[in-house]
Every structure is written in C-alpha cells, then in structure tokens.
Amino acid sequence: MKEIAVITGASSGIGEAFVKEICASDETLDEIWIIARRSDKLDALVALTGDRRLRPVKADLTDPEDLESLGTRLSSGDYRVALLINCAGLGKRGNVENNELEDIAATINVNCQSLTLLTKIVLPFMKTSEEKKKGGRIINIASSAAFLPQPGFAVYSASKSYVLNFSRALGAELAPKGIVVTAVCPGPVATEFLGKATNGRETEFSGIRKNVVADAGKLAEASLKASYRGRKILVYKFSQKLFHFASKALPTSLILHFEQKLLKN
Ligand SMILES: NC(=O)c1ccc[n+]([C@@H]2O[C@H](COP(=O)([O-])OP(=O)(O)OC[C@H]3O[C@@H](n4cnc5c(N)ncnc54)[C@H](OP(=O)(O)O)[C@@H]3O)[C@@H](O)[C@H]2O)c1
C-alpha cells in the first residue's frame with residue numbers, strides 16, 4: 001500500500017510552498033500528487049525539488065471529468081491518502097454588480113464546489129486511525145476573509161466562510177475515524193493571488209495590508225505543524241488573530257464600517 005499526499009493549487013503560491021515544505025520535511029510519503037491546470041509549472045516544481053515522489057496531475061478542478069479521473073486514478077492503485085491539502089482558489093476584487101459572471105462562477109466553483117467534491121472523492125481512500133496509527137489529515141485553505149462579509153470582495157469572502165464552516169463540520173464528522181481537518185485562515189500572502197484578483201492592476205498589497213503580508217513558505221510550515229498537532233483552525237498571524245477576535249466581539253455593522261474605511265486601498 002502506498003501512502004500519498006494530494007495537493008491542489010500546487011502550481012504557485014501557497015500550494016507550491018506546501019509542496020516544497022513537504023518534500024523537505026516528510027519522509028513517510030510514497031507519492032505526492034500535485035494538481036493544477038498549468039502542467040509546465042508542475043513539471044518545473046518537480047525539476048526544482050528533484051523529488052522523485054512528485055506526481056504532476058494536470059486537472060481543471062471545475063471540470064467534472066477531471067475530478068472523476070482523479071477518483072479513477074485513486075481507485076486504480078493501492079493508495080492510502082495520508083494528507084489532502086485543498087489549496088486551489090481564487091477571487092476577483094470589485095463590487096458584485098461589476099464582477100464578470102464567469103469570474104463569480106469560477107470563484108464559487110473552485111473555492112467551494114470543487115473543494116467539497118474532491119474531498120468527497122478522496123474520503124474513501126483516507127487513512128484512518130483504525131490501522132493503529134494516527135489517521136489522515138485534511139488541510140483546507142480558507143482565509144481571514146471568512147470571518148466577516150467583505151464589500152468589494154463579497155463572493156470571495158462568502159466562499160471562504162463556506163470553507164471554514166465546511167471544514168469545522170467535516171472535522172467533527174471525521175473525528176471518530178481519527179482524521180483531522182484543519183482550516184487555515186491567513187490574511188494577505190505574497191503570491192500571484194492579488195495580481196489575478198485585480199486583473200493585473202495590483203501585484204503587491206498596499207495600505208494597511210502591506211504591513212501584515214505573510215510569507216507563503218512560513219505559512220505552509222505553520223499549517224503543517226498545526227495539522228500534525230490536530231488543530232481545527234489556524235488563524236495566521238497575530239494581526240489576523242486580532243481581526244478574528246474583533247469579528248466575534250464587535251457588531252458586524254461596526255466592523256464593516258471600519259473595514260470599508262481602512263481597506264479602501
Ligand atoms: N494570497 C493571499 O493573499 C491569500 C490569503 C488568504 C487565502 N488565500 C488562499 O490561498 C489559496 C492559494 O492561493 P495563492 O495565494 O497561492 O494564489 P495563487 O498563487 O494564485 O494560486 C492559486 C492556485 O489555484 C490553482 N487553481 C485555480 N483555479 C483552478 C482550477 N480551476 N483548477 C485547478 N487549479 C486551479 C492555480 O493553479 P492553475 O492556475 O495552474 O490551475 C494555483 O495553483 C487560495 O485558496 C486562496 O484563496 C490566499
């Protein structure tokens with residue numbers, strides 16, 4: 001039986017950082033499946049790490065056939081999934097009335113639907129604690145945008161609330177099998193994300209966000225540690241913990257008021 005990791009969003013940013021961190025620190029896995037549409041980026045990652053366990057899988061997670069073939073691939077071998085990282089995601093800045101229909105659909109599809117369907121497809125193959133070892137682990141990349149509605153990023157923040165709530169409920173369902181589900185909630189991270197979210201208008205965070213930008217590698221390392229420790233949620237870093245606390249302690253309307261003033265740029 002082969003113990004494997006399945007990682008989406010592996011072609012850039014946080015997903016790529018997870019792959020590098022796992023290659024460097026985990027010797028227990030037999031194969032590491034790295035999933036994205038840009039196969040050239042996946043191949044480059046294989047060349048960069050030189051890790052023979054990496055298996056690039058070109059897949060569009062919004063395509064039902066690609067999702068189905070991942071399931072077929074899992075059932076075609078003797079695989080046990082020790083780690084599933086749902087990292088693929090996107091968002092488009094702007095008010096809903098100005099957002100493109102296809103961008104709204106892609107955000108909901110990749111961030112919510114495909115994350116849920118892939119998890120469902122992988123679950124029968126997850127390692128459980130019945131095998132006298134610790135069970136498998138699922139890491140879902142949510143965001144601190146999950147804590148509150150965010151005007152100007154409404155679909156994205158709502159999609160991440162879904163990821164957070166889905167992860168918490170799934171974790172409770174899977175606890176008897178020893179499978180840990182960790183929802184990771186970072187604030188701004190330096191990746192390609194912002195450029196895509198603004199159609200290239202901005203590539204670096206500015207304003208208040210500039211001071212709290214996180215490094216993708218450090219985030220990946222902290223997320224893996226949190227998951228090993230069985231944490232259900234990782235709010236990454238201190239600034240986002242403050243934001244999380246405020247989102248629980250203060251009236252939503254008040255925070256929305258300040259959010260709109262502070263996050264203008
Ligand atoms: N960067 C931030 O500030 C930040 C903050 C909080 C949370 N997050 C979350 O972190 C996760 C990773 O984002 P990132 O910052 O690393 O951004 P990124 O560099 O743009 O990475 C996004 C990844 O998602 C993949 N992806 C997008 N659509 C896909 C599709 N239809 N099928 C398959 N793969 C798809 C992309 O691969 P291909 O394009 O090659 O398919 C890419 O590997 C996302 O869920 C994001 O919401 C990011």
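User: Before we start, what counts as a polar contact?
Analyst: A polar contact is a pair of N or O atoms within 3.5 Å. Keep in mind that this is a predicted model.

User: OK, so how far is the ligand oxygen from the polar backbone atom of Gly89?
Analyst: They are 3.4 Å apart, which is within the 3.5 Å cut-off.

User: And what distances do the side chains of Ser11 and Lys196 give?
Analyst: For Ser11, a polar side-chain atom sits 2.7 Å from an oxygen atom of the ligand. For Lys196, an N or O atom of the side chain is 2.6 Å from a ligand oxygen.

User: How much of the ligand does the protein cover?
Analyst: On its own the ligand has 890 Å² of accessible area, and the protein covers 97% of that.

User: Which elements give two or more residues to the shell around it?
Analyst: Those are helix 1 (13–25), helix 5 (154–174) and helix 6 (193–197).

User: How many residues surround the ligand, and which are closest?
Analyst: There are 31 around it, with Ser11, Arg37, Tyr156, Thr191 and Lys196 the closest. Sorted by class, the shell has 16 nonpolar, 9 polar and 6 charged residues.

User: Switching topic: where is confidence lowest, and where is it highest?
Analyst: Helix 10 (residues 252–262) is lowest, with a mean pLDDT of 84, while strand 5 (residues 137–141) is highest at 99. The chain as a whole averages 96, and 98% of its residues score at least 70.

User: How many salt bridges does the structure hold?
Analyst: It holds 10. One of them joins the side chains of Lys127 and Glu3, at 3.2 Å from N to O.

User: Why does that pair tie together parts that are apart in sequence?
Analyst: Because Lys127 lies in the loop between helix 4 (101–122) and strand 5, while Glu3 is in strand 1 (residues 2–8), the pair links parts 124 residues apart in sequence.

User: Last one: which peptide bond is cis?
Analyst: The one from Tyr236 to Lys237, with omega near 5°. Lys237 is in the loop between strand 7 (233–236) and helix 9 (238–249). Also have a look at Asn199, which has a positive phi of about 50° without being a glycine. Asn199 is in the loop between helix 6 and helix 7 (207–210). For context, most peptide bonds are trans, and most residues other than glycine have a negative phi.

Notes
Residues are numbered from 1 along each chain as its sequence is written. This is a predicted model: local features need pLDDT of at least 70, side-chain atom pairs count only at pLDDT 80 or more; totals for chains, interfaces and linings use all residues. Side-chain values use heavy atoms; hydrogens and water are left out. A residue is near a molecule or strand if one of its heavy atoms lies within 4 Å of it. A polar contact is a pair of N or O atoms within 3.5 Å; within protein, one must be able to donate a hydrogen and the other to accept it, and residues adjacent in sequence count only if both atoms are side-chain atoms. Accessible areas come from the Shrake-Rupley method with a 1.4 Å probe; for residues, only the protein chains shown count as cover. Helices (H or I, at least four residues) and strands (E, at least two) are DSSP runs, numbered from the N terminus. Ala, Val, Leu, Ile, Met, Phe, Trp, Tyr, Cys and Pro count as nonpolar, Asp, Glu, Lys and Arg as charged, and the others, Gly among them, as polar. pLDDT is the predictor's confidence in each residue, from 0 to 100. A salt bridge is a side-chain nitrogen of Lys or Arg within 4 Å of a carboxyl oxygen of Asp or Glu.
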